[in-house]
Amino acid sequence: MKSFAAAMLAYYFALRVGLPKPSWAILTVYIVSQNSAGASLSRGVYRFAGTVVGAVATVAIIPFFVNDPIVCSVVLACWIGLCLYLSLLDRTARAYAFVLSGYTASLIGFPSVFNPAAVFDTASVRVQEISIGILCAILVHRFILPKRMTGQFTAKLSATLRDARRLAGDALRGTSGQVTRRDRDRLAGDLLALQGLAGHLPYDPVPVTPSRDTLQLIHDRLARLLPLATEVDDRVHALRSGNHTPPDELTALLGEVEHWFAAADAAGRDVVANRLIDRAQTVRTRIAADAVTAGDRLAANLVGHLAEMICLLHACDRLERTIITAQSSDTASHLRSRRATGYVYHRDPWMAARSALGAVAGIVIGCAFWIWSAWPEGGLAVSILGVCCALFGNVDVPAPNVVKYMTGSVAGVAISLVYSFVILPRVTDFVGLVAVLAPAFLFAGSLQARPPTTFMALGITLTIPILSGLGTTYAGDFAGSLNSVIALFGAIGFAVVSMSLFQTIPVDAAIGRLLRLNRQDVRQRALGGGPDEARWTSLMIDRTALLLPRLRLSGKSHPDVLDDTLHHLRVGHAASRLYQAIRQVDANDGGNNDGQIGYDGFELLTAIALRFGPGYRAGPSDAIALQRRIGMLMARVADSSIKDRGLLLDLLIDLRFALGPSGASNWENDR
């Protein structure tokens, strides 16, 4: 209803101003409108920025190549490809501005290739029509029954924290691997969804929105929780399955923490959390001080991870209250003193360039056919082709979405012809026009609000305003409409073929590339490179979230892909921390062990880097040899008198468990 009201308001203003193609104001409203006021404003701002940049680029390109249509078309295609490349790299809400820059150049530029004298006027008018549509969409969504993005975000955050506590509880209880895996996948998806909502929060019409720092702080803690739950789960299983009996105080602590995870009362959790953290630290210190066996060291390691998990969930509870109450609290100020990273997007320049070059190739082929055939409607067809390449090119397999758009366009064409030649000739005033347009646009708007039918709805809402001839006056032109319909379906059909050939990345290839990048990054971290801990964890969470939909689309079974990603995350985390610790020990305490611990440590990390290097095929004996090498280093560290002995032992235990199931079974063999 609100989208239709905004569309009619925009149409009315565009008519009153006297713009030549007011239908552009209508379709802009439907492109900009989102399910909240904040998202609509965000999208409107980025659409306006993208439209202006695209229009300026078109005005700069067309006159410069006025005497060579082929070169002019190639340059326009390259501009669209560049915009698509930048949007694929950006991956935030801002990416929409890049999409629109290419989209606008296609719509204005190609029809102007053989009429360069009119390009400035066309661009100017188009910007005005689109600006009216943006303004009306923003005003209606902001002031008529506004739907706040902040409310959606806080509801999603509360659900995410419940999922996080459930994951922590499952880890502590040693729930089956399938349930824990499902909880981990859900939490990774939650974090990506939260980031998507958070991008629109600054545009939400509320007095106070959560600060960027607070959002980054809570994200960092939830991201760290995901691998940490697996660390705890592994150690609980190892302790319960081994011959060693866990200390009584550890058993009691596990029971209390499990009860705390399940507590529904946030205020009650707050009171208990500090006591549990203090107790966990005391228990850890006592067990570590008296540690003689490998089981003692493992118990101390488990309690250390347990204390970190309680701290993370406790901080998340306090940050959630800060966000919900929309107040600056001491909690956020205290936690803000630590460095916050926030969500880190996986960006792949190679894959983005591949998609962009595919779009350029498809558009250039379309232009060559248009110019060679001298097709009068070819400029319109190529402009629609460019729009398809820019608008649908942000996924691995775009053709199915273009087919949905074509299906909607078929319905849109049928509705448009009925309006154009049966209904509109009988309409005599604006109120009557609104009344007759309402059924089609309300139906299409309801489809657009549902994700499965969004692209089909776009085909309807983008077709009706233009093909029905919603201009300044009624001008039923059947021949013109027929030519436009042929150009529309010719362009969309070619877009399906072109994008299938040049812009499609097989799902399994995309999965394989993500895993190769994981291994490459692990190797880099084992050698002391790569991003810091928080950025690494967040990057791997994003890659997990990217894998989830691809695994659903893949026709092959990939049962271990997500486990492999978590394995890479843990090994990269443990190896990088161990590298830093060994370097510190080697620099400050190397004399106490003749530098042997540093030498062995770096040898171990080099072996891990080799294991994750390109082309390396690991055999069963490699894992055993690596575990044996870790065990020998642990023995050397345990017998030494270096100051950071406890830290090194903890990190070596982490590395042993991260490297695989054999790590859990080998801990008993340690001294």
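**Entry 1: the largest cavity**

I began with the residues that line the largest cavity: Arg 181, Arg 184, Asp 185, Leu 226, Met 540, Ile 541, Thr 544, Leu 562, Asp 563, Thr 565, Leu 566 and Leu 569. This is a predicted model, in which local features need pLDDT of at least 70 and side-chain atom pairs count only at pLDDT 80 or more, while totals for chains, interfaces and linings use all residues. Residues are numbered from 1 along each chain as its sequence is written, and side-chain values use heavy atoms, with hydrogens and water left out.

For my own record, a cavity is a set of points on a 1 Å grid over the protein atoms alone where a 1.4 Å probe fits but cannot get out, and lining residues have an atom within 4 Å of a point. Grid points are joined across faces, edges and corners, and a volume is the space filled by probe spheres set on the points.

I found three cavities of 30 Å³ or more, and the largest has a volume of about 90 Å³. Helices H8 (177–198), H22 (533–553) and H23 (561–588) each supply at least two residues of its lining, with H23 giving the largest share, five residues. Helices here are DSSP runs (H or I, at least four residues), numbered from the N terminus, and strands are E runs of at least two. By class, I noted six nonpolar, two polar and four charged residues in this lining. The classes put Ala, Val, Leu, Ile, Met, Phe, Trp, Tyr, Cys and Pro under nonpolar, Asp, Glu, Lys and Arg under charged, and the others, Gly among them, under polar.

**Entry 2: the second largest pocket**

Next I looked at a pocket, meaning an open set of points with protein on both sides within 12 Å along at least five of seven lines. The second largest pocket holds about 1200 Å³ of space. It is lined by 45 residues, and the closest to its centre are Lys 21, Trp 24, Leu 380, Ile 466 and Ser 484. Which helix gives the most to this lining? I found that H15 does, with six residues. Among the other helices that supply at least two residues each are H2 (23–32), H6 (119–143) and H20 (478–502). I counted the lining as 24 nonpolar, 17 polar and four charged residues.

**Entry 3: the chain and its cores**

I then stepped back to the whole chain, which has 27 helices and zero strands. Its C-alpha atoms fill a box of roughly 90 × 55 × 40 Å along the principal axes. Of the 671 residues, 52% are buried; buried means under 20% relative accessible area, exposed over 50%, and partly exposed in between (1.4 Å probe, protein chains only).

A nonpolar core is a set of buried Ala, Val, Leu, Ile, Met, Phe, Trp, Tyr and Cys residues joined through side-chain atoms within 4.5 Å. The largest has 95 residues, and Phe 153, Met 309, Leu 578, Leu 604, Ile 608 and Leu 648 have the most contacts inside it. Helix H12 (residues 294–325) gives the most to this core, 14 residues. I also noted a second, separate core of 58 residues, which includes Ala 123, Phe 392, Ala 399 and Ala 491.

**Entry 4: Gly 393**

I found Gly 393 in the loop between H15 and H16. Is Gly 393 buried or exposed? Gly 393 counts as buried, at 2% relative accessibility. Leaving out residues up to four places away in sequence, Gly 393 touches Leu 84, Leu 88, Cys 388, Met 499 and Gln 503, where contact means heavy atoms within 4.5 Å. Gly 393 and Leu 84 are 309 residues apart in sequence, yet 7.3 Å apart in space, C-alpha to C-alpha.

**Entry 5: salt bridges**

My last search was for salt bridges (a side-chain nitrogen of Lys or Arg within 4 Å of a carboxyl oxygen of Asp or Glu), and the count came to 26.

Arg 235 pairs with Glu 231, the closest N and O atoms being 2.9 Å apart. Both lie in helix H9 (residues 212–241), four residues apart, about one turn of the helix, and both are buried.

Glu 249 pairs with Arg 286 at 2.7 Å between the closest N and O atoms. This pair links distant parts of the chain, with Glu 249 in helix H10 (residues 248–262) and Arg 286 in helix H11 (residues 266–289), 37 residues apart. Glu 249 is partly exposed at 25%, and Arg 286 is partly exposed at 40%.
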